[in-house]
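Work through the exercises below with the sequence and the 3D structure open. Each task is followed by a solution in steps.

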Amino acid sequence: MNSPAISVRNLWKVFGPGGEKIPGNRELSALSSAELLERTRCVAAVRNLSFDVAKGEVFVVMGLSGSGKSTLIRCLTRLIEPTSGQVLVDGNDVLQAGTAELRELRRRKVSMVFQHFGLLPHRTVLDNVSYGLQIRGAGKSERHAKAREIIELVGLKGYEQHYPDQLSGGMQQRVGLGRALAGDPDTILFDEPFSALDPLIRRDMQAEVIRLHKEMGKTMVFVTHDLSEALKLGDRILIMRNGEPVQCGTGDDLVGSPADKYIEDFVSEVPRADVLTLKWITRPLADTTPRDAAVLNSRLIIRDAIPAVMHSSCPVLVEEGGRITGQIDRDSILSVLQAAESAA
Amino acid sequence: MSLREGVTGAVLNPFQSLLTDTPFYVLVTVIAIVAYALGGWKLAALTTACLGVIIYLGLWSDSMVTLAGTLVATAVVMVLGVIFGVAMGRSSRVDQFLRPLLDAGQTMPSFVYLVPFLGLFGATRFTAIVAGIIYAAPVAIKITADGISGISPTVVQSAVASGSTPWQVITKVQLPMARQSLALAANQGLIYVLAMVVVGALVGAGGLGYDVVAGFVQTSIFGKGLAAGLAIVFLGIMMDRMTQAAAAAPARRIPSKSST
């Protein structure tokens, strides 16, 4: 397997006086947030976090406000200085990087999209998108050519000469997206980019991110507090609470086998048939099932399996890696749908 | 005092000569054109009227001496305003350190620091300009600092996240976004410097301030003192209007969607 795009090990960020002593202190580092605040007047926003993000993956960090997710994503390029731990981007230790090296990382390798856009109000769309190229020394015609290409890619063609305050929120965030793409980085960090947008626009933008990910194959780290957004976009999801990781896995892992009561509550309203795959409802093969019945892949989403199962007169076989692992029938699907009904 | 002589010889004298030696009609035309560029016909008419009053009062030459000193002092005030204002706006620690000093500078009566400057530089235009700068700089610094620190932190952070150097953040993000504050700082700096014109005349500023002071003490030229006071007012109105026009955001046309 390739080396990961981003690798985080034992990352801590403690705000407050004397915070740098806490990660190394066995007694203090074991305290809960409330106890820690009382004893040391420090807040541990990120506690002992470790994860890898594979190249080309969409990695979602999810949590409620105050869970430390925004701090975490800022620690990755040291917009916030981590207290201790290790962050490797392409195998290079970010925390050991000098000022110039760090700047190069931000200019060429990792860019960021912000919740409140962070556009320059005195610059046109074209000059906003080409800002990153300008500060790394690209000439005017070169950066404008590249920026026009990107503006077309994010669907803003024709708006090059507009100023940010002449655009709607959704369009402003397209500019933010364009700015992040213009430098052709390997990785894009998203800090709740669509939280400030209304629901319809948000759905459009999510689709846009999925499309761009398919077309460009960038690694993405996406912070959100919205579970449906996490499930829609994320190859894998890390759920955080009070700065700590609670569970990390694919969407159907989280919904199918929540690690604890917290995650269970979180995912209780998710329409399970839309997220879970057949793997979670496959039952052992019965002797009575004909061996020539229809076969479905175990990674198929349950909802997509409904037509095949409903039109089959007998249970349907489930295969994984070419091997039959079990069967499903109408009852197994109905029980999932019914569970969703009763939860809602 | 080499600093004094250097500044007086290299900046003040040439600039003052430029203003006093240029024929008044040329200068009036130039100022009117600048005013037109900043604020259109109305402003051009206003500045011409103000200058007309000054010419009518027969105080053109003295007014130009005062204008030269005022503009040089304001330029220095703005340089200080940008340097310290940006430093304060970017760092709350610098702000905490400098703000009490600025507050103290503002509350101190101007005559108090005229005494040591008089001792240092003697009764010259330079002393008067320094006094004006000390009086006006705290205001300009504070306004600039507030403008810089009022910029949305997300915008600054996004510029840093794109890999900007601190210098790039200052010149491409913070100063352009604080444009209104900078213009207001220049406007206020100018007004404050102008307020010191008469006080500065006590330590050698010459120009209109001298005429006013002379009017106090010699009843025979009381009328001239009054006229000089009026000329200061009209000079002030003119410069205030011009800097305010510069501060107003330029009208921005809304581009049509298809224009690329």
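**Exercise 1: Chain B as a whole**

Of the 260 residues in chain B, 48% are buried, where buried means under 20% relative accessible area, exposed over 50% and partly exposed in between (1.4 Å probe, protein chains only). This is a predicted model, in which local features need pLDDT of at least 70 and side-chain atom pairs count only at pLDDT 80 or more, while totals for chains, interfaces and linings use all residues. Residues are numbered from 1 along each chain as its sequence is written, chains are lettered from A and ligands numbered from 1 in the order in which they are written, and side-chain values use heavy atoms, with hydrogens and water left out.

Task: state how many helices and strands chain B has.

Solution. Helices (H or I, at least four residues) and strands (E, at least two) are DSSP runs, numbered from the N terminus. By that count chain B has 12 helices and zero strands. The C-alpha trace of chain B spans about 70 × 50 × 30 Å along its principal axes. Contact means heavy atoms within 4.5 Å. Of the contacts in chain B between residues at least 6 apart in sequence, 76% join residues at least 24 apart.

**Exercise 2: Where the chains meet**

Solution. Step four: zero salt bridges are counted between chain A and chain B, a salt bridge being a side-chain nitrogen of Lys or Arg within 4 Å of a carboxyl oxygen of Asp or Glu.

**Exercise 3: Salt bridges**

Task: find which residue forms a salt bridge with Asp191(A), and say whether Asp191(A) is buried or exposed.

Solution. Over all chains the count is 22 salt bridges. Asp191(A) pairs with Arg74(A), their closest N and O atoms being 2.8 Å apart. Asp191(A) is in strand β7 (residues 187-191) and Arg74(A) in helix α3 (residues 69-75) of chain A, 117 residues apart. Asp191(A) is buried because its relative accessible area is 4%; Arg74(A), at 12%, is buried too.

In chain B, Asp211(B) and Lys224(B) meet in a salt bridge at 3.8 Å, N to O. Asp211(B) lies in helix α11 (residues 207-217) and Lys224(B) in helix α12 (residues 222-247), 13 residues apart. Asp211(B) counts as buried at 6% relative accessibility, whereas Lys224(B) counts as partly exposed at 42%.

**Exercise 4: Aromatic rings**

Task: explain why the pair Phe121(B) and Phe126(B) is edge-to-face.

Solution. Rings of Phe, Tyr and Trp (its six-membered ring) pair if their centres lie within 6.5 Å; planes under 30 degrees apart count as stacked, over 60 as edge-to-face and the rest as tilted. The structure holds nine such pairs over all chains. Phe24(B) and Tyr25(B) form one that is edge-to-face, with 5.7 Å centre to centre and 80° between the planes. The centres of Phe121(B) and Phe126(B) are 4.9 Å apart and their planes stand at 85°, so this pair is edge-to-face. Phe121(B) is buried at 8% relative accessibility, and Phe126(B) is buried with a relative accessible area of 8%.
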